[in-house]
Amino acid sequence: MPTLFENVWKAHAVRTLPSGQTQLFVGLHLVHEVTSPQAFDMVRQQGWRVAFPERTFATVDHIVPTSSQRRPFIDLTAEEMTAALERNCREAGIQLFAPGASGSKDQGIVHVIGPELGLTQPGMTIACGDSHTSTHGALGAIAFGIGTSQVRDVLASQCLALDPLKVRRIDVNGTLRPGVYAKDVILTIIRKLGVNGGVGYAYEYGGSTIDRMSIEERMTICNMSIEGGARVGYVNPDETTFAYLKGRRFAPQGEAFTRAVAWWRKIASSPDARYDDRVTIDAAEIEPTVTWGINPGQSVGISEPIASTADAEALTFMGFTAGGRVAGTKIDVAFIGSCTNGRISDLEEAARIVKGRRVAPHVKALVVPGSQEVSRVAEAKGLPEIFTKAGFEWRGAGCSMCLAMNPDRLEGQQVCASSSNRNFKGRQGSPNGRTLLMSPAMVAAAALAGQVVDVRTLLEEVHA
Amino acid sequence: MGAITTITGRALPLRGDDLDTDRIMPARFLRAVTFEGLEQHVFEDDRASTPDHPFNNANYRGASILVVNSNFGCGSSREHAPQGLARYGIHAIVGESYSEIFLGNSSVLGIPCLTASPADIRALQTLIEQNPDLQVTASVEAQSVTAGHLTIKAQLPPGVRDAFLTDKWNPTAMLLADFDKVRNVATHLPYVAGF
């Protein structure tokens, strides 16, 4: 019996190309300012038109400043790239969510606003010129990160030329211990299966732990599928998915919603689906997890020492030793945000830990909401006050210090406790900058302590 | 365009697993609306911190075949990475394995990413390090790489290989060729037609 991946693939297959690849229809194309201008240019030069502008939506996230989003941006390159996207969208009839001229209040990280607006739906194929497009799989979509030439292809034809993927079922069963979050689960999965373990696979996440997770937690899991080499990650749609989508702006409304739910149920993996591989993870064994190296698979549980066999290049770059511990590492910067962990539940959990406490004097601490909507909800809940009173900076929506395309960046050899997704050399803007990936709660704890600590010690105080 | 069957030239061995696209092309060079000039920034930070980086080595200047290890091009989907390599003069890559997105991005630029066994790759890298002037031939057709006395098996995903051999590696025209079928699939999808 088929998996959701196979069902969706079949429903969207246009034809087999002469090369043997499949021409796959893309149900939703999401576009942002950094990987699209060359694609729009290529479409124009060829005299093509955007084939399905009504199935294409755009926002600005990668380069936008988060200190002030008043237009024109102080950063002239950010202004130029945003203006180019505005022009391209206007010309093609594509709806754009951007601060300023268009007046939109729905700008944000593309993988945050897609689900938030109800654009992302189960059973869809989704493409976006960003590798973290896998995030949308949390709602049961099959979502591909693509390059700029493929953005051109999707603009021109609403299609991609792809080879099918195998499907690996990853069951996470049991109860997560207090202080252990979705981020720790996905870091553990990547550590176990390797940063290239998922090449050739779509990851289907299930099991009792995933079943109980909110959509936002599932997004954190699916988001980092690509860090494990899997281009696609997804969770089958269920009651949690339907409840999340109900009433969202672009979701089906009224009776159409009921009919949609029936189709969404039908397209999910059958209980007896056959998988190319299966892996089981015990949730109870997972600890708060931190990376020590230069790829997301190089991590340890907070109470664990770094393995004696650890990669020498990574250890040298990061300043760790084999057998040493990450706990106790002094940090310079704390970053809460990104498409991995910049949603409201992430900020709420961090605020719960921060409330009434102070950021260590030597730490620069940033909270960057994933979208303007996340920002509004946070304001209604009083989160900005909690963070700013503690000494965090509260910023506008964007990708910010996850990839440092704007002024939010590390300097020199700074160490950053980060809720983002990549600890690659140079990722956060300084060639020698060092990134420690962890959950937003762990980042909050590190910001307060000025060093990496086990968040569970602080949670005990919160509960007490 | 044109069919791509073999690539011949000098080669550049670049050792290391999991070389991600942030290292190939740091994000600050994505701050532009074109791909122009990216060849100047390939591995810029690695080159600055490692004086004997192969991309700094004059012996490899003008090489057109890059020889890498496992999971090359992992991470960000930025096409700026293979665009930079292409503009630098790399016409083929031979390695142990690649991230899927990088392989796809390179293929549509006409850069075949051939895969060989770890032992064969190490042998090839050593041989080139010993003799940087060696002419290397990467054959998409024969699925092999030859350097002096050494010939190794080197594969491509079947669909990608066929696309190179039949001049179909830039797929846009093909995707547009039967557009009625595209519309037909769209109208049968309930979320497009309306639930």
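You are looking at a predicted model, in which local features need pLDDT of at least 70, side-chain atom pairs count only at pLDDT 80 or more, and totals for chains, interfaces and linings use all residues. Residues are numbered from 1 along each chain as its sequence is written, chains are lettered from A in the order in which they are written, and side-chain values use heavy atoms, leaving out hydrogens and water.

A salt bridge here is a side-chain nitrogen of Lys or Arg within 4 Å of a carboxyl oxygen of Asp or Glu. Glu393(A) is partly exposed, with a relative accessible area of 29%.

Next, select Asp171(A) and Arg278(A), whose side chains meet in a salt bridge at 3.3 Å, N to O. The two sit 107 residues apart, Asp171(A) in strand β9 and Arg278(A) in strand β12 of chain A; helices (H or I, at least four residues) and strands (E, at least two) are DSSP runs, numbered from the N terminus. Asp171(A) is buried, with a relative accessible area of 10%.

Move on to Glu227(A) and Arg422(A), another salt bridge, with closest N and O atoms 3.0 Å apart. This pair links parts of the chain 195 residues apart, and both residues are buried.

While you are here, colour helix α8 (residues 215-223) of chain A. What encloses this helix? 8 of its 9 residues are buried, so α8 is largely enclosed by the rest of the structure. Among the buried ones are Arg218(A), Met219(A) and Cys222(A).

For a network of salt bridges, show Asp106(A), Arg249(A), Glu373(A) and Arg376(A) together.

Finally, display both chains. The contact (heavy atoms within 4.5 Å) takes 74 residues from chain A and 53 residues from chain B. Select Asp22(B) and Arg427(A) to see a salt bridge between the chains, with closest N and O atoms 2.8 Å apart. On the side of chain A that touches chain B, several elements each supply at least two residues, including α1, β1 and α10. The largest share, 7 residues, comes from α5(A).

Conventions: Buried means under 20% relative accessible area, exposed over 50%, partly exposed in between (1.4 Å probe, protein chains only).
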